[in-house]
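Subject: Structure for you to look at

Dear colleague,

I am handing over the structure we spoke about, and below it I have written out what was found in it. Please keep the model open while you read, so that each residue can be looked up as it comes.

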Amino acid sequence: TASYGEQTSITETQFLILISSGSYEYTQKAQQKETLDLFNDLQIAHVTVDGMDPLQRELRNHLFQVSGVRGQYPQIFSSSNDDNHIYLGGYDWLQSMSFEDLRKIVS
């Protein structure tokens with residue numbers, strides 16, 4: 001697992017997960033943790049973007065524009081490079097997906 005700042009570019013299709021370390025709403029915080037735990041447990045490569053990180057603010061705003069959703073976390077994207085992000089959905093979308101479906105997205 002890498003945070004976006006640790007990786008200079010995304011060269012292959014992978015998941016990007018937008019979270020907010022400043023989220024104090026219980027449900028969103030729990031859903032963010034469950035999402036990250038699932039990706040880690042299944043060993044699915046992903047990059048985490050923290051919407052509260054001032055260094056990632058420009059990317060966060062771009063992702064909000066792509067998704068059309070502001071202030072809801074987590075948001076899950078497919079990314080094939082720094083400028084090509086496809087919004088897949090949030091926590092509910094993830095819960096509706098099977099492990100095989102997730103693997104197909106990045107293969």
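Does lysine 33 count as buried or exposed? At 52% relative accessibility, lysine 33 counts as exposed, because the cut-off for that class is over 50%. Its partner is aspartate 37, and the two side chains meet in a salt bridge at 2.6 Å, N to O. Aspartate 37 is partly exposed, with a relative accessible area of 30%. Both residues belong to helix 1, where a spacing of 4 residues separates lysine 33 and aspartate 37 by about one helical turn. A search of the whole structure finds 1 salt bridge.

Before going further, please keep in mind that this is a predicted model. The protein chain has an average pLDDT of 87, and 88% of the residues score at least 70. Over residues 5–10, however, the pLDDT is below 50, although this stretch has 12 contacts in the model beyond near neighbours in sequence.

Now to the chain as a whole. The protein chain has 4 helices and 5 strands, and from the N terminus on these elements run β-β-α-β-α-β-β-α-α. Of its 107 residues, 40% count as buried. Among the contacts with a separation of 6 or more, 62% are between residues 24 or more positions apart. The accessible surface comes to about 6,100 Å², and carbon and sulfur atoms account for 49% of that surface.

The largest nonpolar core is made up of 10 residues, namely Phe15, Ile17, Ile19, Leu36, Phe39, Ile44, Ile76, Trp93, Leu94 and Leu102. Two or more residues of this core come from each of strand 2 (14–19), helix 1 (26–41) and helix 3 (91–95), and strand 2 gives the most, with 3 residues. If you select leucine 94, you will find that, leaving aside residues up to four places away in sequence, leucine 94 touches Thr35, Leu38, Phe39, Ile76 and Leu102. Apart from this core lies another, of 8 residues, including Leu18, Val49, Leu63 and Phe64.

In one of them, the ring centres of phenylalanine 64 and tyrosine 73 are 6.2 Å apart and the planes stand at 50°, so the pair is tilted. Phenylalanine 64 and tyrosine 73 are both buried. Another pair joins phenylalanine 77 and tyrosine 87, with centres 5.4 Å apart and planes at 55°, so this pair is tilted. Phenylalanine 77 lies in strand 4 and tyrosine 87 in strand 5 (residues 84–89), so the pair ties together parts that are 10 residues apart in sequence. Phenylalanine 77 is buried, with a relative accessible area of 0%, whereas tyrosine 87, at 29% relative accessibility, counts as partly exposed.

Finally, where does proline 74 lie? Proline 74 is found in the loop between helix 2 (57–67) and strand 4 (75–81), and at 4% relative accessibility proline 74 counts as buried. Not counting residues up to four places away in sequence, proline 74 touches Ile17, Leu18, Ile19, Gln31, Gln32, Thr35, Gly90 and Tyr91. With isoleucine 17 the separation is 57 residues in sequence, yet 6.5 Å in space, C-alpha to C-alpha.

With best wishes

Conventions. Residues are numbered from 1 along each chain as its sequence is written. This is a predicted model: local features need pLDDT of at least 70, side-chain atom pairs count only at pLDDT 80 or more; totals for chains, interfaces and linings use all residues. Side-chain values use heavy atoms; hydrogens and water are left out. Buried means under 20% relative accessible area, exposed over 50%, partly exposed in between (1.4 Å probe, protein chains only). Contact means heavy atoms within 4.5 Å. pLDDT is the predictor's confidence in each residue, from 0 to 100. Accessible areas come from the Shrake-Rupley method with a 1.4 Å probe; for residues, only the protein chains shown count as cover. Rings of Phe, Tyr and Trp (its six-membered ring) pair if their centres lie within 6.5 Å; planes under 30 degrees apart count as stacked, over 60 as edge-to-face and the rest as tilted. A nonpolar core is a set of buried Ala, Val, Leu, Ile, Met, Phe, Trp, Tyr and Cys residues joined through side-chain atoms within 4.5 Å. A salt bridge is a side-chain nitrogen of Lys or Arg within 4 Å of a carboxyl oxygen of Asp or Glu.
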